[in-house]
Amino acid sequence: AGKSSLVNALAGEARVIVSEIAGTTRDAVDVRIEVDDKSVTLIDTAGLRKKKSFHGAVEWYAYDRAKRAIGRADAIVLLVDAESDISQVDEQLAMLAQKAFKPVVIAVNKWDLVKGRRNTQGQKIGPADYEEYIRRELKGLSFAPIAIISAQTGLNLRELLGLSFELLEQASTRSSSGSRRPARPARGPRSITRRRCGPTRRPSP
């Protein structure tokens with residue numbers, strides 16, 4: 001889905017390996033950046049494949065490292081590929097994120113590659129064509145806002161960070177009050193993505 005590309009784009013330089021082969025990053029990589037005078041540590045989780053595609057201890061180690069990275073994180077960005085269907089790996093990570101009771105943003109990456117395409121009815125595919133699909137496939141994250149981004153072009157990357165900060169701030173407030181409910185944006189779960197980059201739905205074939 002482009003996790004390493006996203007981390008590199010936010011860091012402003014190539015800090016982690018980028019490859020089209022799923023599961024290239026075998027370990028969680030921490031990258032520290034400065035954003036508006038704030039020090040932020042980005043964790044590029046270990047690349048995963050479907051469990052039935054695991055080959056030996058290395059694959060299981062990567063899965064364990066991904067779980068540990070989610071446990072260390074204050075906020076989670078679940079990155080999905082705009083060009084691909086929601087995968088078993090996406091569902092596994094979504095479940096881990098849900099169980100972690102952490103702020104979560106679902107980021108639809110590679111929007112630059114699908115923008116302007118047409119579906120089988122000849123209609124242009126827009127951001128609104130993705131929301132229903134994601135909400136149906138990732139029911140456990142119905143509370144999570146959705147952001148459309150492109151790590152390649154930089155589309156909405158600062159908005160993605162801003163939304164993550166907002167959710168983290170709200171989560172801190174909830175934690176001080178003893179609540180374990182997932183954090184939601186103050187203006188509703190999709191208001192920021194609607195205003196800045198639109199909600200999402202996987203287009204029908």
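Helix α1 (residues 3-11) keeps S4, L6, V7, N8, L10 and A11 buried, where buried means under 20% relative accessible area, exposed over 50%, and partly exposed anything in between (1.4 Å probe, protein chains only). Helices (H or I, at least four residues) and strands (E, at least two) are DSSP runs, numbered from the N terminus.

Some bookkeeping: this is a predicted model, in which local features need pLDDT of at least 70 and side-chain atom pairs count only at pLDDT 80 or more, while totals for chains, interfaces and linings use all residues. Residues are numbered from 1 along each chain as its sequence is written, and side-chain values use heavy atoms, with hydrogens and water left out.

Taken as a whole, the protein has seven helices and five strands, laid out from the N terminus as α-β-β-α-β-α-β-α-α-β-α-α. Of its 205 residues, 45% count as buried. The protein exposes about 11000 Å², with carbon and sulfur atoms supplying 49% of that; accessible areas come from the Shrake-Rupley method with a 1.4 Å probe, and for residues only the protein chains shown count as cover. Among contacts (heavy atoms within 4.5 Å) with a separation of 6 or more, 64% involve residues 24 or more positions apart.

Next, the hairpin. Strands β1 (residues 29-35) and β2 (residues 38-44) pair in the antiparallel sense over seven bridges, pairing being called if DSSP finds at least two bridges between two strands. V29 stands opposite D44 in β2. Two residues sit between the strands, and D36 takes a positive phi near 50°. D37, in the loop between β1 and β2, also has a positive phi, of about 65°, although it is not a glycine. Most residues other than glycine have a negative phi. D37 is exposed, with a relative accessible area of 82%. K110, in the loop between β4 and α4, likewise has a positive phi, of about 70°, without being a glycine, but K110 is buried at 17% relative accessible area.

On to the packing. A nonpolar core is a set of buried Ala, Val, Leu, Ile, Met, Phe, Trp, Tyr and Cys residues joined through side-chain atoms within 4.5 Å. The largest one has 28 residues, of which V104, I106, V108, Y130, I134, L138 and L141 touch the most other members. Two or more residues each come from α2 (56-72), β3 (76-81), α3 (88-100), β4 (104-109), α4, α5 and β5 (146-148), and α3 gives the most, with five. Leaving aside residues up to four places away in sequence, L138 touches L78, I86, D90, E91, A94 and I106. Apart from this core lies another, of 20 residues, among them L10, V40, L163 and L167.

Finally, the rings. The structure holds one aromatic pair: the ring centres of W111 and Y130 are 5.5 Å apart with planes at 75°, so the pair is edge-to-face. Rings of Phe, Tyr and Trp (its six-membered ring) pair if their centres lie within 6.5 Å, with planes under 30 degrees apart counted as stacked, over 60 as edge-to-face and the rest as tilted. W111 belongs to helix α4 (residues 111-114) and Y130 to the loop between α4 and α5 (131-137), 19 residues apart. W111 is buried at 5% relative accessible area, and Y130 is buried at 3%. Elsewhere, K38 lies over the face of F165, at 4.4 Å from the ring centre; such a charge counts if NZ of Lys or CZ of Arg is within 6 Å of the ring centre and within 35 degrees of the ring normal.
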